[in-house]
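Subject: Structure handover

Hi,

Here is the structure I promised to pass on to you.

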Amino acid sequence: MSTSAPPSARLRLAIPSDGAMYEPTLAFLAACGMAVSRPNARRYVGSIPAVEGVEVMFQRARDITGHMEAANAHAGFVGYDDFQERRVEGGDTEIVLQDLGFGRCELVAAVPEAWVDVESMADLADLAVEFRESGRELRIATKAQRLARRFLFSHGVNYFSMPQVSGALEAAPAMGHADIIIDVTATGATLRENRLKRLVDGVVIRSEGCFVVNLRALAAAPAALEAAREIVERVEAHRRAEGYLRVTANIEGASEAAVAAKVLERGEAAGLRGPTVSPVFTADGGSWHAVTVLAHRANLTAIVDHFRAIGGASVTISEAGYVFGQESGAYRRLLAAMERRCGS
Amino acid sequence: MGARDLNNTAWRRRSAIRERLRTFLDRRGYDAVELPTLEQTDLFLRKSGGELAARMYSFTDPSGRSVSLRPEFTSSVVRAYVDGSLRGPLPLRLQYAGPVFRYEPSADGSGALEYEQLGAELLGVAGEAADAEVIALAAQGLALLGVSGHRVRISHVGVVNAILEAMGLTERARVFIHGNLGLLRAEGGAEEARRRAEALGILSGGRARRLSALAARLDPDEAREMVEALFADTVAAGAGQRTPEEILRRYLKKVREAEDPARVERALSFAVGLADAAGEPEAARKRAAELLAEHNLDDGLLAPIDRLFDALGRYDLMGAPLVLDLGATSGIAYYTGVVFEVEHDGVAGAPPLGGGGRYDGLVKALGEVQDIPALGFALSLERVSELLSDGFGDADAPSAGRVLVTAQETAVGQAVATAERLRAQGIPVELDLSHDGDAAAAAYAKRRGIETIMRVGRDGSVDERPA
């Protein structure tokens, strides 16, 4: 159990305690078989009973990258956008698993709907010059100043100021605090409600949840590294399983080998590794065998059709849950990155 | 971080490069000046363009002003001229050397951030004779250092712009083509450029296109009324700092000046052709002329190129070949005429050794009432240094035969007096401050390559022996 490891040997895992990433991160971990146990909502530490030696630290989403950089946490789940905004490039933190399929959003540039003449970043660059010439300054409200600044410069928007805006960014133009915003949006609904529109080429970055580690901190803590390996493997197995279904059918045949041969007449019916064939003991003494394959979702119909064609009965489909590979690619990459960063 | 430390050997090498180039430029009338490392951020934002701006080290100083470590020298030189601190009779020839700072993203975060640039600016002269002088400076300066195998890639923003204008492109589309020249020469780049042009509405067959066609048939007042009627409600609400009139005026301008897609298509294929035409100047000039003919454009558009190469023909470029490449990108937004890069295959990753160009218009843009034509170039000394032989600069090392003066602690006064007397005679002398005895002094002298040890006694007597 997670309490058996001494505190110093545990993996300190930071996960968001607020905002749009909180619920999706917990749901994702649960789906990976790593439900987080939090004694109560006011406590900021928790555990993952399924993985030994993990101390979960609930942190404000925008603080996680900083905690990772400072090695206060060994590892964490964080939005890709947030990580890119706050990380130290070439520092100790590294993304191990990316595009985890939760917390999807985009950081976009949006202008008032009333600006019917502004559709693209080129318009915005042009407008910034126009503002400048008339003694005004284009004010851009954003919470991701570093990403926004780079994006604006790369599109030739050189003259602007970034006023400090706390609270809801999308209200800033209507309140008169800013002219345009660069903000995170999942569906665009909030933008529309605030009479803002996205620029056609205004996507600064697309983001999903990712798993990041502090290489140096992990290199110094073998027990934490082991816990990180387990998390990586479980996440990978879950992600891999999303592509697969377990297809089971009863097929009549003289022997296991004969049934297998019939199944393998079609290549894709082999599934991930080949069929598992085992005898079914029936009351009437018929020669039935249970056949199970791990099928890729895309091949499902073809496999079911084939099973029927070779006399398959009672075909059942179930979710695979987890599919572990022989070796974790992400973990191998983590070790390689650690080697590069910290030496052996 | 990415800045490199220079030990004494590397420093001597760098210093020798700097000194030789300085003398070379001195002899051509370029006066050396020094400029501040820190400038108002605004200076570089005004004209340098986005690519450089995004790589600057900018921060807020204690007074609350935004300042930046300079990413290049030209803006500072022009700023100083406009300020009045570098005034002089025109033409003004100036040279400078010093660090510039640019963030280079790299996978491991170790990208270089501080480079040493050495360059020159020629203010107050228009025309190809001045262009040729500056290009020759870059090519000859390198040859003088002993670099060989470099070549000068020459393009001309003014000529390309005039061609695009002759094709009937609006300024917006011309800026787009210029900005995407690099993309257009890449494999499959034309497709990507077309996609970008569509995203920007430069190349579009949609609603904007139909509106443009309509607006073109109306007289200006009618067009304005149409646009007002269409957007009055949308524009009335929440326009922020902008007035509804301002928004509609700009919209109308956009609609009425919308691009003819056929022209943009032609310009895109022309730009791809330009990239393919690059090569040895005479052949490249011929291919460019053929390309112009294909598009029914006047050969006379290439006249500045002919004058430039005539002017360059008067210089001995000491073996550095020229490449005419009108499809080359300049990267910096303030160039208006000739632009060039000095390339060498021997530098890791093959970044240019340096480059430059003409920036007529920058002087006025930075506040001068009257515009002054100008151009310049700069070399990256790190990259140049990579190409020089190992022993380069060794001749400038302090001459051998230095002396170590040593004494017992009780004779320090006599030792200092002896050392000072020798120094007054022009002999380089190091003073032994450790008083660890003769053996230690000899070992130290050996490590330092010192040839003579002088042991000074309490009575001022000097015992001289080879180290």
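How many residues does the contact take from chain A and from chain B? It takes 29 residues from chain A and 29 residues from chain B, where contact means heavy atoms within 4.5 Å.

Some ground rules before the rest. This is a predicted model, so local features need pLDDT of at least 70 and side-chain atom pairs count only at pLDDT 80 or more, while totals for chains, interfaces and linings use all residues. Residues are numbered from 1 along each chain as its sequence is written, chains are lettered from A and ligands numbered from 1 in the order in which they are written, and side-chain values use heavy atoms, with hydrogens and water left out.

Back to where the chains meet. About 2500 Å² is buried between chain A and chain B, with carbon and sulfur atoms giving 48% of that. (Buried area is the accessible area, with a 1.4 Å probe, that two parts lose on being put together, summed over both.) You'll find seven salt bridges between chain A and chain B, each being a side-chain nitrogen of Lys or Arg within 4 Å of a carboxyl oxygen of Asp or Glu. One of these pairs R250(B) with D126(A), at 2.8 Å from N to O.

Which elements of chain A give two or more residues to the side that touches chain B? They are α4 (121–133), α5 (145–154) and β9 (196–207). (Helices, H or I with at least four residues, and strands, E with at least two, are DSSP runs numbered from the N terminus.) α4(A) gives the most, with seven residues.

Now for the domains, whose bounds come from an automatic or database domain assignment. Chain A has domain 1 (2–103 + 208–241 + 327–342), domain 2 (105–206) and domain 3 (244–319). The C-alpha centres of domains 1 and 3 of chain A lie 39 Å apart. Chain B splits into domain 1 (8–167 + 316–386), domain 2 (204–258) and domain 3 (398–466). There, 42 Å separate the C-alpha centres of domain 1 and domain 2.

Finally, zoom in on S68(B), which sits in strand β4 (residues 66–69) of chain B. Is S68(B) buried or exposed? S68(B) is buried, because its relative accessible area is 0% and buried means under 20% (1.4 Å probe, protein chains only). Leaving out residues up to four places away in sequence, S68(B) touches several others, including T41(B), F44(B) and M56(B).

Cheers

Conventions. Buried < 20%, exposed > 50% of the residue type's maximum accessible area, 1.4 Å probe, protein only.
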